[in-house]
Every structure is written in structure tokens, then in C-alpha cells.
Amino acid sequence: MPRPIEALIHRSALANNLARARAAAPDSRLWAVVKANAYGHGIERVYEPLRGADGFALLDLAEAERVRALGWRGPVLLLEGCFEPRDLELCSRLGLWHVVHNELQIDWLAAHKTNTPQRVFLKLNSGMNRLGFRPDAYRAAWARLQALHQVGEVSLMTHYADADGLANSWRARGQHALFEQASEGLDGERSLANSAATLRFGAHVPVGLDPFADGGLPVMHGDWVRAGILLYGSAPDFPECDIERWQLRPAMTLRSRIIATQQLQPGDTVGYGSTYTAQQPMRIGIVACGYADGYPRHAGTDTPVLVDGVRTGTVGRVSMDMLAVDLEPVPDAGIGSEVTLWGHGRGGSRLAIDDVAHAAGTIGYELMCALAARVPVTVTD
Ligand SMILES: *Cc1c(COP(=O)(O)O)cnc(C)c1O
């Protein structure tokens, strides 16, 4: 028997989450963001349930080729644009749309030999200070692109730095105002919102969630929203909101089994560094899952986990191939019992990846992207 760890990718959850994104942004078209191999889920595995999107957005040219190889003829957007001039040839060949965020990329376009004008998304730096033209340079960049025969339609985009929390949402509003000002009067479709902005400034947002949300602010979305994390069933604004609140479902389950149990006496310790000491007699289970599977090593004692569908916690340090869990709440559990590290468990139970990430001082994004190659993956409904 192979080591009992496995990951499941849930098609119905992906379809549900896509429908949630549509409901939040009913007037926009929707990019399904599938960068980082679909946030660790696998582009080929998520393609069917997500093909109801209007386009696929990603960064890596090899990933764009994979989306085309799946038969997708619709829009594909390179979110960081081209990395060198010859990437433009691939854009021409595969019909990729690409972000233009600096002058050099415009120079490359101007020197590119093509008869097919390319569609570009001109990026404004609205405060994130990673990619994009500053507001005072935006118009000139737009005019330069418009004048090139290599360029067809020019669309406009920005990326909010602060759409994911109540405390900073006034900043996101400011970033939007900056975009409105910089792009005023410029022709072209707009793409503004990531998952957080799609949900929090979306239709049907409960009043009170955001001081500015007077029943939804779809103006923060633009013509195209860019939904990533929400599609995979993680709340972009956890712990302020969780997947229950947004009606999202985990698209990935990581599960394994108990391969040993230990009966501890008071004073017994668990794992490397003996960081956990039993205060009373207790039974623990040893799970075939460790940091070499993608489970976060920084998850301390009491990180939530499901054993046979019952919520309990980890005990002591996570090691490379194993971790320990408290079996006191699950007296019937033993060798072979099912352990859900995140996702769906027995009897309809669920453990959000956000709960695990939070306990380990990180975010759901990082955990799903870090699923290790040694974990076998199965697609299911
Ligand atoms: C990754 C990315 C997104 C998606 O962000 P989520 O928070 O996962 O929804 C949107 N836009 C750009 C430019 C990105 O790089």
C-alpha cells in the first residue's frame, strides 16, 4: 500500500466558487486566475469546472501554452506581461493578451514585427508600488501604445493593495479614485478587482461589512474582475470573513491516515525539541503527513485538524513526514483513521485551509501553492 497521504481536487467546489464570483460581479466579465499552476491545484485539473470563466489569467508562458493545449480559444492574459522581446512572438502565435507595466515593454512592442495587432492591458500603479505606471505617466503611456501599429485594443487596469480588510478599505477607495482620475476620458475596458475587491465591493454585500459599501460598489470592479483565491475556496479577507460567509467551498482536500498511536503519561513529551508536555494521561495519533508534503512546519500545537470528521488539534512540532494529533476528542480513532489536514472530511465535515494557515502564521494562498509534488492528487466531484 502506498503511503496513505493524498490530495483531492473538488470539481463541484470550483464550479460553486465560480458561481459565487459571478453573483458578486454580475455586470463584469471574469478572469479565472490560474497562475502558480492554479494555486497548486493543477491547471489541467481545474480547467473543466472553470471553463465557464471568460478568460484565464496567469504569469508563466509555459502555463499559457498549457491552457491553449487544453483547447481554450478564449482570452488568456499574462498578468506580468512579457519578460523579454521574443515573448511577443509567443503572444502573436498563441493570441495572448498581455499586461504592459513599463516603458521597456512598450519599446519591445514598437520593435516587434507582426501583422496582428496585440491586445494589451496598461497597468497603473495605484499605490502598491510593484508594477505599473505612476498616475502622472499613465496618459503618455496610453498615447504611445495607441500610436503603435503592433497594438490593437488597449485596456486599462490596476491592482488594489488594500481591498482585503475593513481597516484599510478607505485606502482601496483612494486607489480606485486615483485610477478614475488617471484614466479619465481614456478609451478601453477596465480591469480592477482581485478576489477581495470582487467580494467585498460586490453585489449583495451585507451592509455593515464595509463602511463604504452602501449595498455594493460594483464600480470598483470594472469590466473584468480577476478572481483567484476565491475560486479555490479560501477567503481573501480571513479572519475578518471566512468561506462560510462568502459561501465558498474548499476546492482542495489534503488528507492522510493515522499510522500509529501513543498513550502518554503526565510529563511525557512529543516530537523534536520536546515542545509539548502532556499534563494528564492522553492518547495521540501519528499522522502520515509532514512538511515535506506541504504541511506548514510553523503550525504549532493546537492547529486544527479533523480525525474521522471530528475537530481536534495537532500536538508538538511538525516533522518532515509526520505530525501528531490529540485523540482525546475521538476515542474510537486508531490506526487507519482518516485525518483531514484541510478541506472536506468524513460525514460532511469541513476544515477551511484558512484556519490552518492562520494557526501557522500564514495565508491559505501559501499553503495551497506549496502542496508537495510527492502527494498524489485525484480529481473528484
Ligand atoms: C494573483 C493576481 C490576482 C488574483 O488575486 P486573488 O487575491 O487571488 O484574487 C489578480 N490580479 C493580479 C494582477 C494578480 O497578480
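This is a predicted model: local features need pLDDT of at least 70, side-chain atom pairs count only at pLDDT 80 or more; totals for chains, interfaces and linings use all residues.
**Stop 1**

Colour residues 11-235 as domain 1 and residues 252-380 as domain 2. Ten residues of domain 1 and eleven residues of domain 2 make up the contact.

**Stop 2: the interface**

Stay where domain 1 meets domain 2. About 1,000 Å² is buried between them, and carbon and sulfur atoms give 62% of that area. Select the side of domain 1 that touches domain 2. Five of its residues are nonpolar, three are polar and two are charged.

How many salt bridges are there between domain 1 and domain 2? The count is zero. Polar contacts do occur: three residue pairs make them across the interface, with both residues at pLDDT 80 or more.

**Stop 3: the largest cavity**

Rolling a probe the size of a water molecule over the atoms shows where empty space is left. Over the whole structure, the search gives two cavities of 30 Å³ or more.

Select H41, Y232, G233, P250, A251, M252, W342, I353 and M368. These residues line the largest cavity, which holds about 50 Å³ of space. Colour the lining by residue class. Seven residues are nonpolar, two are polar and none is charged.

**Stop 4: the second largest cavity**

Clear the selection and pick K123, L124, N125, S126, M128, R130, L131, T158 and H159. They form the lining of the second largest cavity. Its volume is about 40 Å³. Keep the class colours on. This lining has three nonpolar residues, four polar ones and two charged ones.

**Last view**

Show both linings together. The lining of the largest cavity has no charged residues, whereas the lining of the second largest cavity has two.

Methods
Residues are numbered from 1 along each chain as its sequence is written. Side-chain values use heavy atoms; hydrogens and water are left out. On a 1 Å grid over the protein atoms alone, a cavity is a set of points where a 1.4 Å probe fits but cannot get out, and a pocket is an open set with protein on both sides within 12 Å along at least five of seven lines; lining residues have an atom within 4 Å of a point. Grid points are joined across faces, edges and corners, and a volume is the space filled by probe spheres set on the points. Ala, Val, Leu, Ile, Met, Phe, Trp, Tyr, Cys and Pro count as nonpolar, Asp, Glu, Lys and Arg as charged, and the others, Gly among them, as polar. Domain bounds come from an automatic or database domain assignment. Contact means heavy atoms within 4.5 Å. Buried area is the accessible area (1.4 Å probe) that two parts lose on being put together, summed over both. A salt bridge is a side-chain nitrogen of Lys or Arg within 4 Å of a carboxyl oxygen of Asp or Glu. A polar contact is a pair of N or O atoms within 3.5 Å; within protein, one must be able to donate a hydrogen and the other to accept it, and residues adjacent in sequence count only if both atoms are side-chain atoms.
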